[in-house]
Amino acid sequence: MPSALSDLIKSLAGSREGVLPSIQAFPPVDIEQVARNCRLEARAKESGNLNQPAGDSDVGDAAESDIVAQIETLARKAEEDYRSQLDVYNGRIRRDSISASGKTSIEAAGESALADFRVQAVDDFNQLYSAREEVRGREQEFEAFRREHNLARLPNVVSTRERWYRGLLVAIFVVLESMLNGFFFARGSEAGLIGGVTQAF
């Protein structure tokens with residue numbers, strides 16, 4: 001890939017402000033973007049070919065100065081943004097502390113919320129009290145039934161399906177018994193078999 005196109009892609013992919021996206025008050029520095037802005041790779045090759053600066057030199061070269069300038073610029077910008085946001089928050093605090101209506105509206109909203117909560121709590125307490133009294137009455141009724149019938153065991157719970165089966169079985173027995181007895185009653189009944197079955201049923 002040509003160098004110019006590669007540099008264009010890197011510049012578009014990087015952050016233009018030289019910092020990484022963050023929710024921090026002071027976002028971290030985008031090191032790669034700073035290196036691209038200062039052309040550190042190309043300049044390092046040039047300085048290396050020229051053997052500059054000397055190994056015993058205490059003075060940094062131009063690339064180092066550019067890096068320091070970039071970092072100081074980013075630091076100043078971050079401080080300005082921070083102080084700007086701080087001024088906004090301080091202004092809001094001053095407005096709310098100076099304005100008596102803001103304090104009054106906040107206190108009124110708090111009192112209204114507390115009143116609504118108390119009403120809801122009383123309503124829920126009344127519903128719980130009614131449910132508890134119903135449970136207590138059911139328990140007393142259950143204990144009285146057990147004493148009356150001398151029951152020491154717990155109740156046998158019959159499912160709905162089993163109730164249907166029992167009712168169907170009883171209905172079959174009633175129909176069969178009515179038909180069998182109806183044959184005997186039919187002999188003395190003027191209505192014949194129908195009258196006998198009806199009488200037996």
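Arg146 touches Leu151, Ala152 and Arg153, leaving aside residues up to four places away in sequence. This is a predicted model, and in it Arg146 sits in helix 5, which spans residues 100-148. Arg146 is buried yet takes part in no salt bridge. Elsewhere, salt bridges do form, and their count comes to 5.

**Around the end of helix 5**

- The nearest side chain of opposite charge to Arg146 is Glu143, at 4.0 Å. If you are looking at charges, here is a buried arginine without a salt bridge.
- Asn150 belongs to the loop between helix 5 and helix 6, the latter covering residues 160-186.
- The backbone of Asn150 is worth a look: its phi is near 50°, a positive value in a residue other than glycine.
- Asn150 has a relative accessible area of 71%, so it counts as exposed.

- Lys77 pairs with Asp81 in a salt bridge, with the closest N and O atoms 3.2 Å apart.
- Lys77 and Asp81 are 4 residues apart in helix 4 (residues 62-98), so about one helical turn separates them.
- Both partners have some accessible area: Lys77 is partly exposed at 37% relative accessibility, and Asp81 is partly exposed at 39%.
- Glu79 and Arg83 also join their side chains in a salt bridge, at 3.2 Å from N to O.
- Because Glu79 and Arg83 are 4 residues apart in helix 4, they too are separated by about one helical turn.
- Glu79 is partly exposed, with a relative accessible area of 36%, while Arg83 is partly exposed at 48%.

- Arg166 forms a salt bridge with Glu162, and here the closest N and O atoms are 2.9 Å apart.
- These two residues, Arg166 and Glu162, are 4 residues apart in helix 6, so they lie about one helical turn from each other.
- Arg166 counts as partly exposed at 47% relative accessibility, and Glu162 counts as partly exposed at 33%.
- Which residues make the nonpolar surface patch of about 490 Å²? Leu168, Leu169, Ile172, Phe173 and Leu176 make it.
- One of these patch residues, Leu176, is found in helix 6.
- Leu176 is partly exposed, at 46% relative accessibility, and patch residues need over 30% relative accessible area, so Leu176 passes that cut-off.

Notes:
Residues are numbered from 1 along each chain as its sequence is written. This is a predicted model: local features need pLDDT of at least 70, side-chain atom pairs count only at pLDDT 80 or more; totals for chains, interfaces and linings use all residues. Side-chain values use heavy atoms; hydrogens and water are left out. Buried means under 20% relative accessible area, exposed over 50%, partly exposed in between (1.4 Å probe, protein chains only). Lys and Arg count as positive and Asp and Glu as negative; His and the chain ends are not counted. Contact means heavy atoms within 4.5 Å. Patches are made of residues with over 30% relative accessible area and no salt bridge: like charges are joined within 9 Å, nonpolar side chains (Val, Leu, Ile, Met, Phe, Trp, Tyr) within 5 Å. Accessible areas come from the Shrake-Rupley method with a 1.4 Å probe; for residues, only the protein chains shown count as cover.
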